[in-house]
Amino acid sequence: MKKTLVLFASIATLSLMWSNLAAAQGVANASFEDPITADGAPFVGFWEAFSAGAGAISANSTEMPRTGAQSLLLEIDNVDNSFAGAFQDIPNLTPGTSVTYSLWHKSTSNPLDLGTEVRIEWRDSVGNVEISRTANSTPVPSSDYTEFSLSSVVPAGADTARIVYAIQTFGPEPTNSGSVYIDDVSFVPEPSAGIMSLVALLAMPMLRRRSR
């Protein structure tokens, strides 16, 4: 009985440790209830807006929240070769860790006459340099909120993920206009193989005992 309690306690401790670590690496202001910024570093704990200027918008909006009172609005109004977006840095990552960057988005534009870009830029926080980045995903948001996810693995030399959502009008669209709303962003690292193996080893005696 005591051994079983110890095993349960060990597994619970490992699970709690991983939950705390995942929470520490999560997205700040995930549903854009607080103002986003456009004032430069730091990019940890904040959404940083960027845009090409006139006719391009990256801002909080109360018009189309999925949850809460606000969402992120990205908009370009009839401007060629323009862009708008927002990003945030997620620190304290370990190379080799699998991660999933997810979000909900929608568009009120019909047609949506611009392109979307979702990516993760892997960075070395010590050297303040980019190590690599995922290929741009180009999901097309519908008129209702739908979820989009991008999974990847932290590469060697990186300890920070810069998660990005942007819109752009570099293509041949006739009007180069549209609006996209983003809400409820998440960034979830998966337990490492070492932790999962340790949990499995701890659980094996209990499984053997049940099979007898």
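Ring pairs join Phe 43, Phe 50, Phe 83, Phe 87 and Phe 170 into a cluster. The model is predicted: local features need pLDDT of at least 70, side-chain atom pairs count only at pLDDT 80 or more, and totals for chains, interfaces and linings use all residues. Residues are numbered from 1 along each chain as its sequence is written, and side-chain values use heavy atoms, with hydrogens and water left out.

**Exercise 1.** State how many aromatic pairs the structure holds, and classify Phe 43 with Phe 87.

Solution. The structure holds five aromatic pairs. Rings of Phe, Tyr and Trp (its six-membered ring) pair if their centres lie within 6.5 Å; planes under 30 degrees apart are stacked, over 60 edge-to-face, the rest tilted. For Phe 43 and Phe 87, the centres are 4.8 Å apart and the planes at 70 degrees, an edge-to-face pair. Phe 43 lies in the loop between helix H1 (2-24) and strand E1 (48-51), and Phe 87 in strand E4 (residues 83-90), 44 residues apart. Helices (H or I, at least four residues) and strands (E, at least two) are DSSP runs, numbered from the N terminus.

**Exercise 2.** Classify the pair of Phe 50 and Phe 87, then decide whether each residue is buried or partly exposed.

Solution. The ring centres of Phe 50 and Phe 87 are 6.1 Å apart and the planes are at 40 degrees, so the pair is tilted. This pair links strand E1, holding Phe 50, to strand E4, holding Phe 87, 37 residues apart. Buried means under 20% relative accessible area, exposed over 50%, partly exposed in between (1.4 Å probe, protein chains only). At 24%, Phe 50 is partly exposed; at 11%, Phe 87 is buried.
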